[in-house]
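Please examine the sequence and the model shown here before reading the report that follows.

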Amino acid sequence: MDVKEKLKIITDSCEEKKGINIKVLDIKNLSSIADYFVIVSGNSSAQVKSLADEIEEKMSENGYDTDNQEGRNSMRWILLDYGDIIVHVFHRDEREYYNLERLWENGEIKKNQEENNER
């Protein structure tokens, strides 16, 4: 499966669990750590867990397991590392605080599902 198909599985999983403000950043020309960041938010720790679980489940069903993951204890910022794609699942407050989009603003945005209303 190519990276575009993996990105589709991840973003579809985020949409399925009502993830907020899904962004895919192409960082391959900026960093050697990954080709893409996927950033998504949830309104609660339960939604953050649900988003991460859905992504993991759908990726596993398609033969992809995480190389590494962090943050499952706090459920405020869960990182899922799939090698060429790193997924950041944030609680809304943490995302605003860390503002990864600003830090990686030179990355090309491949998907930008802005939040349409407050949830």
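What share of the contacts with a separation of 6 or more in the protein chain comes from residues 24 or more positions apart? Such residues account for 60% of these contacts, where a contact means heavy atoms within 4.5 Å. The model is a predicted one, in which local features need pLDDT of at least 70 and side-chain atom pairs count only at pLDDT 80 or more, while totals for chains, interfaces and linings use all residues. Residues are numbered from 1 along each chain as its sequence is written, and side-chain values use heavy atoms, with hydrogens and water left out.

**Overall composition**

The secondary structure of the protein chain consists of four helices and six strands. Helices (H or I, at least four residues) and strands (E, at least two) are DSSP runs, numbered from the N terminus. Read from the N terminus, the order of the elements is α-β-β-α-β-β-β-α-α-β. Of the 119 residues in the protein chain, 43% are buried. Buried means under 20% relative accessible area, exposed means over 50%, and partly exposed lies in between (1.4 Å probe, protein chains only). The protein chain has an accessible surface of about 6,400 Å², and carbon and sulfur atoms hold 42% of this surface. Accessible areas come from the Shrake-Rupley method with a 1.4 Å probe; for residues, only the protein chains shown count as cover.

**Helix α2**

Helix α2 has 17 residues and spans 24 Å from its first C-alpha to its last, close to the 24 Å expected at 1.5 Å a residue. The expected span is 1.5 Å times one less than the number of residues in the helix. The buried residues of α2 are Q47, V48, L51, A52, E54, I55 and M59. These residues lie on the same side of α2 because they cover an arc of only 155° around the axis; the arc is that of the directions from the helix axis to the C-beta atoms. Their cover includes α1, β2 (36-42), β4 and β5 (85-91). The face turned away from the buried side of α2 carries the exposed residues A46 and E61. After α2 comes G63, whose phi is positive, near 90°.

**Salt bridges**

A search of the whole structure finds nine salt bridges. A salt bridge is a side-chain nitrogen of Lys or Arg within 4 Å of a carboxyl oxygen of Asp or Glu.

| Pair | Distance, N to O |
|---|---|
| D12 and K8 | 2.7 Å |
| K49 and D53 | 2.6 Å |
| D53 and R72 | 2.7 Å |

D12 and K8 both belong to helix α1 (residues 3-16) and are four residues apart, about one turn of the helix. D12 is partly exposed, at a relative accessible area of 32%. K49 and D53 both lie in helix α2 (residues 45-61), and they too are four residues apart, about one turn of the helix. An α-helix has 3.6 residues a turn, so residues three or four places apart point the same way.

How exposed are the partners in α2? K49 is partly exposed at 37% relative accessibility, and D53 is partly exposed at 29%.

The salt bridge between D53 and R72 links distant parts of the chain: D53 is in helix α2, whereas R72 is in the loop between β3 (68-70) and β4 (77-81), 19 residues apart. R72 is partly exposed, with a relative accessibility of 22%. Through salt bridges that share partners, K49, D53, E56 and R72 are joined into one network.
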